[in-house]
Amino acid sequence: MKAKHIPLAITLLLAAFPAACSHPVVNLNTPQVAENQSRIYTLFVNERLNQHNMIDGTTKAFVVIDGEEHEMQTAPYGDDIYQYDYHMPADRSTAKYFFVIRYDEKFGLQTKHREWKSDQIYTLNVVNRYVLQMEVTRGLVGTVVPVVGRGFLAQDYIVIGGTAAPTKFYSPNSMNFQVPPLPPGDYPVEWHSGSDVFQIGAFHIDMANFKVSPENLEVTSGASTTLTISLDQAAPDGDLPVSVLTDVPASVIMNDVRVPAGQTSVSVKVTGGQMGAGSLRISAPGYNMVTTPVKIDEAIPTSIIPVTPAPESINPVPVPAATPAAPATTDVPATPAPATPVVPEPAPVIRGS
C-alpha cells in the first residue's frame with residue numbers, strides 16, 4: 001500500500017481488521033456521519049484480494065447504493081483503497097449500500113472474470129445531532145468533562161456506567177458533566193436526549209486518595225473528639241458518601257459521614273463508648289481505603305472536693321445626702337386625772353346626858 005496522510009478514522013478502521021481478514025472486501029465507513037451543507041459524503045472500501053492469478057490493472061471497485069451501482073475511484077491513501085462521493089438527496093437522511101470488487105484472473109490461456117461482494121448490507125445515517133468528542137477520557141470522581149458536539153438541548157444529560165451524571169448545558173454545541181461517585185474502572189458514556197440515546201465513548205475512573213486526621217484516634221469513654229477527612233479535590237454534586245466500618249462497634253459512636261458538594265474536607269464528632277481497641281476502615285466510591293487505629297480508654301474518676309461558696313461581693317451603694325430630720329417625738333403616757341378626794345362622813349357624835 002502506498003499510504004500517506006491517511007485520516008485518523010480510516011487508520012483506526014484499518015487497524016481493526018487484521019491483514020488475514022477472512023473477507024477481502026472491508027467497509028471503512030462509520031454508520032453515522034455528521035450533516036454538512038453540501039450533503040456530499042465520501043464512502044471508502046478496502047480490497048484485500050490475494051489471488052496469484054489476478055491480472056494487474058483489472059481490479060475495479062463499485063458501491064451499490066439503494067440498488068444503483070457506482071464505480072469508485074482509487075483513493076490517495078493507497079492502491080487498495082477506493083472512494084466514492086455520494087450526494088445524499090435533500091429529502092433523505094439514510095441510504096443502504098454494499099460493495100462489489102471485480103477483477104480478471106488468468107488460467108492458462110483463458111481469462112476469467114471474478115467478483116467479490118460485501119458480506120452484508122450497510123446503512124449510512126446522516127445526523128444533525130452528534131458528539132464530536134469528550135475533551136478528556138479519564139480522571140477522578142468529581143472531574144468535570146467538557147463535551148463538544150451538535151444539537152444539545154437544555155434538558156439533556158449524560159449517563160456514565162448506568163449512573164446519571166450532573167450535567168450542565170452551555171449551548172447547542174457545548175455541555176459538560178461531572179464524574180459521579182463510582183469505583184475505579186472503565187465505563188460507557190451515553191448522551192440522553194428525551195427518548196434518544198447516543199453512544200459517546202468510554203471513560204476511565206482512576207483511584208483518588210483522601211487523608212484522615214488524626215492518624216491514630218484515642219478518646220476516653222464518654223468523651224468526644226474530632227475526625228477530619230480531606231479529599232484530593234472537591235466532592236461532586238450530590239455529596240460524596242463516606243463509609244466508616246469498625247471492628248469495635250460498641251466502642252465508637254458517630255453519625256453517617258458525607259462530604260458536602262464542592263467541599264474538600266469534612267469533620268465529624270467521634271464519641272467514646274465502651275472501652276476497647278480496634279480500627280476504623282474509611283472509604284468512598286472512587287477513593288482508596290484508609291485504616292485508622294482507634295482506642296477507647298476508661299474514663300478517669302474525679303475526686304469530689306466540697307466547695308465553700310465565696311461571699312457575694314457587695315458593691316457599695318451611694319447614699320444620698322442626709323436631710324435634717326424633724327425631732328423624734330416620744331409618746332408620753334397620759335397622766336391620769338387626780339382622783340376626787342373622798343371626804344369621810346363624820347362619825348356620829350355621841351353626846352352625854
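Asn-29 is buried, at 12% relative accessibility. This residue sits in the loop between strand 1 (25–27) and strand 2 (32–34). One is the side chain of Asn-27, in a polar contact of 2.6 Å. The other is the backbone oxygen of Phe-44, which lies 2.8 Å from a polar atom of the Asn-29 side chain. These values, like the others reported here, come from a predicted model.

The protein chain as a whole contains 1 helix and 28 strands. Of its 353 residues, 33% are buried. The chain exposes about 22,500 Å². Carbon and sulfur atoms supply 55% of that area. Among contacts with a separation of 6 or more, 59% join residues 24 or more positions apart.

In soluble globular proteins, nonpolar side chains tend to be buried together. Here the largest nonpolar core has 44 residues. Within this core, Phe-177, Val-189, Phe-210, Ile-229, Ile-282 and Tyr-287 touch the most other members. Strand 19 (residues 196–205) gives the most to the core, with 4 residues. A second core of 21 residues is separate and includes Val-25, Ala-61, Tyr-84 and Met-88.

Neighbours within four places in sequence set aside, Phe-177 is in contact with Met-134, Thr-143, Val-144, Val-145, Val-147, Ile-158, Ala-165, Pro-166, Thr-167 and Val-189.

Aromatic rings form 7 pairs in the structure. In one of them, the ring centres of Phe-177 and Phe-203 are 6.4 Å apart and the planes stand at 75°, so the pair is edge-to-face. Phe-177 belongs to strand 17 (residues 174–178) and Phe-203 to strand 19. The pair therefore ties together parts that are 26 residues apart in sequence. Phe-203 is buried, with 0% relative accessibility. Trp-191 is buried at 0% relative accessibility. Phe-198 is also buried, at 17%. Elsewhere, Tyr-97, Phe-99 and Tyr-122 form one aromatic cluster.

Strands of a sheet pair through backbone hydrogen bonds, either parallel or antiparallel. Strand 22 (residues 224–231) and strand 26 (residues 265–272) pair over 7 bridges in the antiparallel sense. Ile-229 has Val-266 in strand 26 as its bridge partner. Ile-229 is also one of the residues that touch the most other members of the largest nonpolar core.

Ser-243 lies in strand 23 (residues 240–246). With a relative accessible area of 33%, Ser-243 is partly exposed. Its C-alpha atom is separated by 5.7 Å from that of Ile-282, 39 residues apart along the chain. Beyond its neighbours within four places in sequence, Ser-243 is in contact with Arg-281, Ile-282 and Ser-283. Ile-282 is itself among the residues with the most partners in the largest core.

Most residues other than glycine have a negative phi, and most peptide bonds are trans. The peptide bond from Ser-213 to Pro-214 is cis, with omega near 0°. Pro-214 is placed in the loop between strand 20 and strand 21 (217–220). Arg-39 is not a glycine, yet has a positive phi of about 60°. Arg-39 is found in the loop between strand 2 and strand 3 (40–47). At 15% relative accessibility, Arg-39 is buried. Asp-66, also a residue other than glycine, has a positive phi near 50°. The loop that holds Asp-66 runs between strand 4 (60–65) and strand 5 (68–71). Asp-66 is partly exposed, at 39% relative accessibility.

Key. Residues are numbered from 1 along each chain as its sequence is written. This is a predicted model: local features need pLDDT of at least 70, side-chain atom pairs count only at pLDDT 80 or more; totals for chains, interfaces and linings use all residues. Side-chain values use heavy atoms; hydrogens and water are left out. Helices (H or I, at least four residues) and strands (E, at least two) are DSSP runs, numbered from the N terminus. Buried means under 20% relative accessible area, exposed over 50%, partly exposed in between (1.4 Å probe, protein chains only). Contact means heavy atoms within 4.5 Å. Accessible areas come from the Shrake-Rupley method with a 1.4 Å probe; for residues, only the protein chains shown count as cover. A nonpolar core is a set of buried Ala, Val, Leu, Ile, Met, Phe, Trp, Tyr and Cys residues joined through side-chain atoms within 4.5 Å. A polar contact is a pair of N or O atoms within 3.5 Å; within protein, one must be able to donate a hydrogen and the other to accept it, and residues adjacent in sequence count only if both atoms are side-chain atoms. Two strands pair if DSSP finds at least two bridges between them. Rings of Phe, Tyr and Trp (its six-membered ring) pair if their centres lie within 6.5 Å; planes under 30 degrees apart count as stacked, over 60 as edge-to-face and the rest as tilted.
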